[in-house]
Structure formats: C-alpha cells, structure tokens
Amino acid sequence: MSLVLLDWMEDGYAVITLNRPEKLNAINHQMVQELDEALDLVRKEDHVKFLTVTGNGDKAFCAGGDLNEFHGNLEEDEAYDLLAPMKNVLYKLATLPIPTIALLNGQARGGGCEIATACDFRYALKGTSFGFIQGKLGIAPGWGGGTLLYEKVDKQAAAHWLMTATMYSTDQALRIGWLHKVYSDKEWTMETLLQPFLHNSQEQMTWFKKQYLNSLKLDELSVRMEEETISCSKLWESEAHKEAVQKFMLSRKN
Ligand SMILES: CCC(=O)SCCNC(=O)CCNC(=O)[C@H](O)C(C)(C)COP(=O)(O)OP(=O)(O)OC[C@H]1O[C@@H](n2cnc3c(N)ncnc32)[C@H](O)[C@@H]1OP(=O)(O)O
C-alpha cells in the first residue's frame, strides 16, 4: 500500500497526501522513500502549476517522525543515516521549481512542522495546532526544518518557537507569519483554498518561484540544513532523548 499518494488534478496542480492516518501520518522509512519519488515525478512534469501537500484523516497533518523507527537507541552515525534522507527530501521540496502549499488539515508536530515549513505557504484548518516539539524530546529539528523556519518567519520568532518547543494555536502561528490563512470546516474545499492560484499560468508560477528561490541563497541553505542534521544526530545520543522516546513507547503499551 502506498503511504504517500500523488494525484494530478485537472486544474493543473498536483497533490501529495501523507497516507497513514491510523498513525497520524507519522513518517516512516517507506514514506521517506515514497516522498522522494513523488517529488522527482512532480519535478519532471512541466505542465504542473503548483503542488499541495496534505495529510489523510481528520486528526493530523503529520505527527512527525515515526518514533518506532526514528527511535532513541541509535548511535550518532546511525541517527545521521536515518535523518539525512529526509533532510534531502525537505531540500527537494523547498527548492521545487513550482510553488508549494501545505494544507494543514490537522495538527503537526516535530517533523510534521518541518515538512510544512519546507512548503512555500501554509493554510490551516481552524482549531488545529502546531509545534516544533523536538526541544521537549532532548533533540532539535534534524530534517533541515529548523533552518527553513529561520527563512520563513522573523528570526526571533523562529528561535523562540524552537527553544520553547510549545504547541501554537492557529492564531499564534498566524501572528508570527508561519500560517498564511486559516479556514473553517465549511470553507475547507480545494476550490476555496486554491482559487487565488488557479488563474496563473504555469510560466507565471515558475517565474514567481524562481524569483523567490533566488532570494534564499540555495548553496548556503543546503550547507545550513546539513549542519542541522549533523547537530541533531549528536543530540540523538543524549539521555534526555532516550528517556523521552521511551516515555512515548511506554504510554502506547498501557
Ligand atoms: C524526527 C523528529 C520528530 O519528528 S520529533 C516529534 C515526534 N512526534 C511526537 O513526539 C508525537 C508523538 N505523538 C503523540 O504525542 C500523540 O500521538 C499525539 C500527536 C499527541 C496525538 O495523541 P492522540 O490523539 O491520543 O493519538 P494517539 O497517541 O493514540 O495516536 C494515534 C496512533 O498514532 C500513533 N502515533 C502518533 N504519533 C506517532 C509517532 N510520532 N510515531 C509513531 N506512531 C505515532 C500512536 O502510536 C497511535 O497508534 P497506536 O494506536 O498506538 O497503534
């Protein structure tokens, strides 16, 4: 079964859906691989105007890395080998030549927020919440999403969110500029959400995106994302991280 769905829409855009709702779309190895392949396919299609990324189910966009696979008992080099492929996926997503919109149908935690941050824009359903909670697990973002957060919101707001590792409501996330729009249940239809983009041609969209990417200084971005993955791999060995993952695992068994 595909854990990542890729759909081509008649209106000229593509949709990637994280498809593991029973695990709140937590990212496992298979999904890393499938996301990578889906992004390659989207990149090859020259008629697609933009890409949306969303989650299946009504509870979560993505609950982060799968804690059974991205578990606590890893040496630094093992952690690096686990984190780096998803960092490469996020770099691909962040630098895709067409605009990308995260449609946040439910909560996002940890790596889920990193995926959303790699998209150019974030629209959320009212009542959802979001947190770069890695700090509470004895680690820091490791897929490059922390680095990307500094590109997307005010630097102090980014540092504050990462260091406090708290969940933000849609109002808080709007206030710091991480979210661009919030919609009610009734408004949450593709027509309403995407209507402002649909009138643009593919040529317009690729130019807008190129101009945006030019502002990001991409060489430097990939170096900083790599540094993030290396730092997170070191933190992976900490007792605080082992204990936090253990606590989650034990809570599942009761
Ligand atoms: C790469 C680094 C990172 O991403 S660090 C961040 C990792 N993510 C997390 O710490 C979030 C872990 N999940 C949670 O705390 C809870 O599931 C939250 C999101 C609060 C939702 O709670 P609740 O509404 O009660 O749902 P639940 O816990 O029963 O979850 C439903 C099923 O999904 C699973 N799930 C959830 N998150 C993950 C995850 N990150 N990795 C692996 N599995 C996850 C739960 O285990 C549960 O499945 P099951 O019913 O136990 O089979």
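Ala, Val, Leu, Ile, Met, Phe, Trp, Tyr, Cys and Pro count here as nonpolar, Asp, Glu, Lys and Arg as charged, and the others, Gly among them, as polar. By these classes, the shell around the ligand has eight nonpolar, six polar and six charged residues.

The structure is a predicted model, in which local features need pLDDT of at least 70 and side-chain atom pairs count only at pLDDT 80 or more, while totals for chains, interfaces and linings use all residues. Residues are numbered from 1 along each chain as its sequence is written, and side-chain values use heavy atoms, with hydrogens and water left out.

## Ligand site

The ligand is surrounded by 20 residues, and the closest are Lys23, Ala63, Gly65, Gly111 and Arg252. A residue is near a molecule if one of its heavy atoms lies within 4 Å of it. At least two residues of the shell come from β6 (107-109), and at least two from α10 (239-253). Helices (H or I, at least four residues) and strands (E, at least two) are DSSP runs, numbered from the N terminus.

| Residue | Protein atom | Distance to a ligand oxygen atom |
|---|---|---|
| Lys23 | N or O atom in the side chain | 2.5 Å |
| Gly65 | polar backbone atom | 2.8 Å |
| Gly111 | polar backbone atom | 2.9 Å |

Taken alone, the ligand exposes 940 Å², and the protein buries 74% of that. Accessible areas come from the Shrake-Rupley method with a 1.4 Å probe; for residues, only the protein chains shown count as cover.

The ligand sits in the largest pocket. On a 1 Å grid over the protein atoms alone, a pocket is an open set of points where a 1.4 Å probe fits, with protein on both sides within 12 Å along at least five of seven lines. A molecule sits in a pocket if more than half of its atoms lie within 2 Å of its grid points.

Most residues other than glycine have a negative phi. Asn25, in the loop between β2 and α1, has a positive phi near 60 degrees. Asn25 is buried, with a relative accessible area of 0%; buried means under 20%, exposed over 50%, and partly exposed in between (1.4 Å probe, protein chains only). Ala165 has a positive phi near 55 degrees and lies in the loop between α5 (155-164) and β9 (167-169). Ala165 counts as buried at 3% relative accessibility.

## Other buried residues

Asn19 lies in the loop between β2 (13-18) and α1 (29-44). Its relative accessibility is 12%, so Asn19 counts as buried. The side chain of Asn19 reaches the backbone oxygen of Ser2 at 3.1 Å.

Gln202 belongs to helix α8 (residues 202-214) and is buried at a relative accessible area of 16%. Its side chain reaches the backbone oxygen of Val48 at 3.3 Å.

Leu96, in the loop between α2 (76-94) and β5 (100-104), is buried with a relative accessible area of 1%.

Notes:
Polar contact = N/O pair within 3.5 Å; in protein donor to acceptor, adjacent residues only side chain to side chain. 1 Å grid on protein atoms, 1.4 Å probe; cavity = no way out; pocket = protein on both sides within 12 Å on 5 of 7 lines; lining within 4 Å.
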